[in-house]
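Please look through the model shown here before reading on. The points below are set out as a colleague's note, to be checked against the coordinates.

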Amino acid sequence: MAEGLHLEGIRIARGDVTLLRVDAHIAPGEVLTLMGPSGSGKSTLLSYVMGDLPRAFRGTGRVTLDGRDLAGLPPEARRIGLLHQDPLLFPHLSVAANLAFGLPRGGTRAERRATVDTALSQIGLDGYGHRDPATLSGGQGARVALMRVLLSRPRALLLDEPFSKLDAARRGQTRDLVFTRAREAGVPILLVTHDAADAQAAAGPVIELS
Ligand SMILES: Nc1ncnc2c1ncn2[C@@H]1O[C@H](COP(=O)(O)OP(=O)(O)OP(=O)(O)O)[C@@H](O)[C@H]1O
């Protein structure tokens, strides 16, 4: 079975009504962009892939990651990073501790600290490590949340409008950072967006839901 994230014969329904159907393969390092009107079920599809479909829905179809069928695996065992429209940072942890939370175990304290400092710098937040997340702007918080999910070294990434809170200048930069990192690490990305510029920058296949 191929590497990457494979969605085979997926159908999401609410009651008897089919919300969406999708078949897709996302190769390692590739970004598949999912577009479509509000309410077409994009976020619900991400919940299904994550193994966390709300009770109101029923989902069928196979999700495999690097050849492994994810059926029956709880979200925390799937090694998939999910970022929602409203990025939630842990309010009781500093910005640096939020980033460090996603780091895989191992390494010395100094190494972990250096990784966090580099990450802060890459998202334009040098010196913000000690800050309380509540003191960040929406865009700054979104950048921290994105970096936290990247640092956790997921095997696949599901991104739901992750750049919507960023201003135009940051949006391009942050997008490039995420896509470049994913490409380097061979991580497939399923990106939900309303912005055609995101799809263009992703430079991958696009699925338009109706
Ligand atoms: N937990 C839930 N229980 C019941 N219905 C829900 C639930 N979450 C979403 N819905 C409904 O299911 C449909 C699909 O919602 P979803 O959030 O997946 O759409 P979307 O395509 O991501 O929309 P948007 O682009 O506005 O984020 C909508 O009609 C929504 O109102």
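1. The model is predicted, and local features need pLDDT of at least 70, side-chain atom pairs count only at pLDDT 80 or more, and totals for chains, interfaces and linings use all residues. Residues are numbered from 1 along each chain as its sequence is written.

2. The UniProt record, an unreviewed entry, places the feature "domain: ABC transporter" at residues 5–209; UniProt positions are given in the numbering used here, feature names are shortened, and annotations may be inferred rather than shown by experiment. Over residues 5–209 the chain is 34% helix and 25% strand, with the end C-alpha atoms 19 Å apart. Helices (H or I, at least four residues) and strands (E, at least two) are DSSP runs, numbered from the N terminus.

3. Strand 1 (residues 5–14) and strand 2 (residues 17–26) run antiparallel and are joined by eight bridges, where two strands are said to pair if DSSP finds at least two bridges between them. Within this pair, Leu5 has Ile26 of strand 2 as its bridge partner. The two strands form a hairpin with two residues between them, and Gly15 in the turn has a positive phi of about 65 degrees. Strand 1 also pairs with strand 4 (residues 58–65), in the antiparallel sense and over seven bridges, and here Ile12 stands opposite Gly59 of strand 4.

4. An open sheet is formed by five strands in the order 6-7-8-3-9, with parallel pairing. Its edge strands, each pairing on one side only, are strand 6 (80–83) and strand 9 (206–208). On average, neighbouring strands of this sheet are turned by 15 degrees against each other, direction ignored, the axes being lines fitted to C-alpha atoms (for helices over the stretch in contact) and angles running from 0 to 180 degrees between N-to-C directions. Strand 6 is joined to strand 7 (residues 156–160) by four bridges, and Leu83 has Leu159 of strand 7 as its bridge partner.

5. Which residues lie around the ligand? They are Leu19, Gly36, Ser38, Gly39, Ser40, Gly41, Lys42, Ser43, Thr44, Pro54 and Ala56, a residue being near a molecule or strand if its C-beta atom, placed from the backbone, lies within 6 Å of it. Helix 1 (residues 42–50) gives the most to this shell, with three residues.

6. In helix 1, Lys42, Leu45, Leu46, Ser47, Tyr48 and Val49 are buried, where buried means 20 or more other C-beta atoms within 10 Å of the residue's own, exposed means 12 or fewer, and partly exposed lies in between, with C-beta atoms placed from the backbone. Just after this helix, Gly51 takes a positive phi of about 85 degrees.

7. Helix 4 (residues 138–151) has 14 residues and reaches 20 Å from its first C-alpha to its last, close to the 20 Å expected at 1.5 Å a residue, the expected span being 1.5 Å times one less than the number of residues. Because 12 of its 14 residues are buried, helix 4 is largely enclosed by the rest of the structure; among them are Arg143 and Arg148.

8. Gln122, found in helix 3 (residues 109–122), counts as partly exposed because it has 16 C-beta neighbours inside 10 Å. Gln122 and Gln173 are 51 residues apart in sequence and 9.6 Å apart in space, C-alpha to C-alpha. Gly29, in the loop between strand 2 and strand 3 (31–35), is partly exposed, with 19 other C-beta atoms within 10 Å.
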